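Here is a protein model to read together. Take a look at it before the dialogue starts.

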Amino acid sequence: MLGLYLVFLGAAFSGIWLVLIGWFVLASATAASGQATLRELLRGVPVREA
């Protein structure tokens, strides 16, 4: 949110940099959440059955 605000204020480089960092953190958190969900679903299932 702060990154987009800075872009509109004219500090384009700083704003875009913060937007990219935020996007990366969000994508990483989403992937980690999906991995945790999958691990929870497969808990107790033998590899042969998976």
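## Reading helices, exposure and a patch

Q: Where does Gly34 lie?
A: Helices are DSSP runs of H or I with at least four residues, while strands are runs of E with at least two, all numbered from the N terminus. Gly34 lies in helix H2. This is a predicted model, where local features need pLDDT of at least 70, side-chain atom pairs count only at pLDDT 80 or more, and totals for chains, interfaces and linings use all residues. Residues are numbered from 1 along each chain as its sequence is written, and side-chain values use heavy atoms, without hydrogens and water.

Q: How far apart are Gly34 and Gly22 in space?
A: They are 18 Å apart, C-alpha to C-alpha, and 12 residues apart in sequence.

Q: Why does Gly34 count as partly exposed?
A: Buried means under 20% relative accessible area, exposed means over 50%, and partly exposed lies in between (1.4 Å probe, protein chains only). Gly34 counts as partly exposed because its relative accessibility is 38%.

Q: Is Trp17 buried or exposed?
A: Trp17 is exposed, because its relative accessible area is 51%. Trp17 also lies in helix H2.

Q: What about Ala29?
A: Ala29 is in helix H2 too. Its relative accessibility is 44%, so Ala29 counts as partly exposed. Ala29 and Arg39 are 10 residues apart in sequence and 15 Å apart in space, C-alpha to C-alpha.

Q: Which element gives the largest share of the nonpolar patch?
A: That is H2, with eight residues.
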